[in-house]
Structures are given as C-alpha cells and as structure tokens.
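Please view the sequence and structure below before reading on.

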Amino acid sequence: MVTLIGWVWCIIRTPVASPKGRPDRGWPPIVDRWEQPARRASTRTKDGSMGFESAFAIKVFAALFAIMNPIANIPILLSLTEGASEAGRRRVARTAMIGVTIGCVVSAAAGSAILSMFGLTVNDFRLAGGLLVLLIALSMLHGSASAQHQPSGKEMGTGDEDVAVYPLTFPLLVGPGTIATLIVFGHTAVADGRIAGLVAGLVVFLVVLAAALFSAPVLARYLSPKVTAITQRLMGMILAAIAMQMIVASLQALFKGILG
C-alpha cells in the first residue's frame, strides 16, 4: 500500500512541459490541465453572451416598436398638427423626440431606484406592468385605441408645444406601458450585465422613431388604413407575448420566494 502511494506521488511530481515549453513541477501542470477546459468553456460562454446580448437588443427594439408603434402614430401626428406649417410640424417632432428620449432614459436608468423609494421591487412591479402591457396589447389586437395611451378629447392641446408634450409624448408615445416595459428591461440589463444590449436597442429605436416623425408627411402617402390596421395587430401580438413573459417571470419569482 505504501509502495502504491509512493508510486502515485512520483507520477504527480514528474516534470511536465508547460504550454510555453518550460518544465513545471508538481500540481501546477495538473491544475493547468484542469483549468484549460474551463477557460475554453468561459470563452464559449462569453461568445454566447454576446449573441444573447444581441438578442436582448432586438427584444428591446421590438417591444418599444410594438408599444409606441411609429407607423400607427404617423396619422395621429399629422392630425394633431393639421394646418401647421412645415416648420411647425418639425418643431413638434423635435420637441416630442426630446421628451421621448428623456422619458425612456429616466425610466430605464432610474426606474428601479424610484420603485425602491416606495418600498417596491421590480418583481413586485413586473406583474402589474405585465398586466398593463397586456391590456394595451389586447386593445391593439381588437383595433381600438388603448385607454392608457389615448387622451380624451377634452385633454387635447391646441398649440404646437402643447401638442408635442401632451398628448404626443405623454401618453401616446411614453405612456404607462412604455414606462413599465423600460423599468423591467432596465433592471434586467443591470442584473444580467446586458446594458450594452439595452442601450443598442433603445438607440436604434429612437433613430427609427425620429425618422418616422420627421418624415411623417412623406410616409403618410404610402400608409393606407389597411396597412396601419395590419401593423397595429401584428405589433399587438408581439406586445402580448412580451407581456406574458413579464407576467410569467413575476409569478416564477413570487412562487420561488414562497416555496424557497
């Protein structure tokens, strides 16, 4: 028995060439052999995370495109600025884009901190936000305007600046559903280290939204009511799927807390 142990110890202590070609003794070569597959696995994980981050960016873009729906809001912008000059319409679009950018950045970056001030967590908010987004999605699927993102006739502004801030920016573009979605995405990006994906998806959407608002008169020539209705329903289906994902994630966290 002692002879066997000594023989094994001699094998372990045998000099082994390192990856750089110089001999090493003892445990380091053995440990290095064990660590090499782990390093390769970590490289694969890192590469996979980049793809997952791209998927997250696409998810953010799709959610914002579905809930703000630039195509459906082009006729609304034109109706709100009916009779205005080209310069006045551009001024409305510029003011709306500034408001949308500020609202999106604040919701994504400071949403969790604001919730914590009221003693709430994102898991508490995710269920309510998912239900709210689901209601908006169901309204879109039925082809009707969502009450959460559609002001009443008495609340409509009259001047260019009034129209740009309310109702175009709030609540048509940055409504409760948009805020809830961005708060959840912001928390997920920080928790999972996917901030780059969140920023990429948000920036790309803001560029698309700006292009749609500033070129609304040109795009409106090619947007028939049928195209707008089909787009609205397709976006409603995507938004409903995202809402269900938020609800399921919230329920999983809830039951995990109860059972665990």
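Leu-209 is in contact (heavy atoms within 4.5 Å) with Met-68, Pro-70, Met-97, Val-100 and Leu-173, leaving aside residues up to four places away in sequence. The model is a predicted one: local features need pLDDT of at least 70, side-chain atom pairs count only at pLDDT 80 or more, and totals for chains, interfaces and linings use all residues. Residues are numbered from 1 along each chain as its sequence is written, and side-chain values use heavy atoms, with hydrogens and water left out.

Leu-209 is also one of the residues with the most contacts inside the largest nonpolar core, which has 49 residues. A nonpolar core is a set of buried Ala, Val, Leu, Ile, Met, Phe, Trp, Tyr and Cys residues joined through side-chain atoms within 4.5 Å; buried means under 20% relative accessible area with a 1.4 Å probe, protein chains only. Another core, of 5 residues, lies apart from it and includes Leu-115 and Ile-183.

## Helix crossing

The axes of α4 and α7, lines fitted to C-alpha atoms over the stretch in contact, come within 8 Å and cross at roughly 70°. The two helices are therefore roughly perpendicular, a term for angles of 65 to 115 degrees. Among the residues making this contact are Cys-104 and Leu-115 of α4 and Ile-179 and His-187 of α7.

## Overall architecture

The chain has 10 helices and 2 strands, which are DSSP runs (H or I, at least four residues; E, at least two) numbered from the N terminus. Buried residues account for 38% of its 260 residues.

Key. Buried means under 20% relative accessible area, exposed over 50%, partly exposed in between (1.4 Å probe, protein chains only). Axes are lines fitted to C-alpha atoms, for helices over the stretch in contact, and angles run from 0 to 180 degrees between N-to-C directions. Angles under 35 degrees count as roughly parallel, over 145 as roughly antiparallel, 65 to 115 as roughly perpendicular and the rest as oblique.
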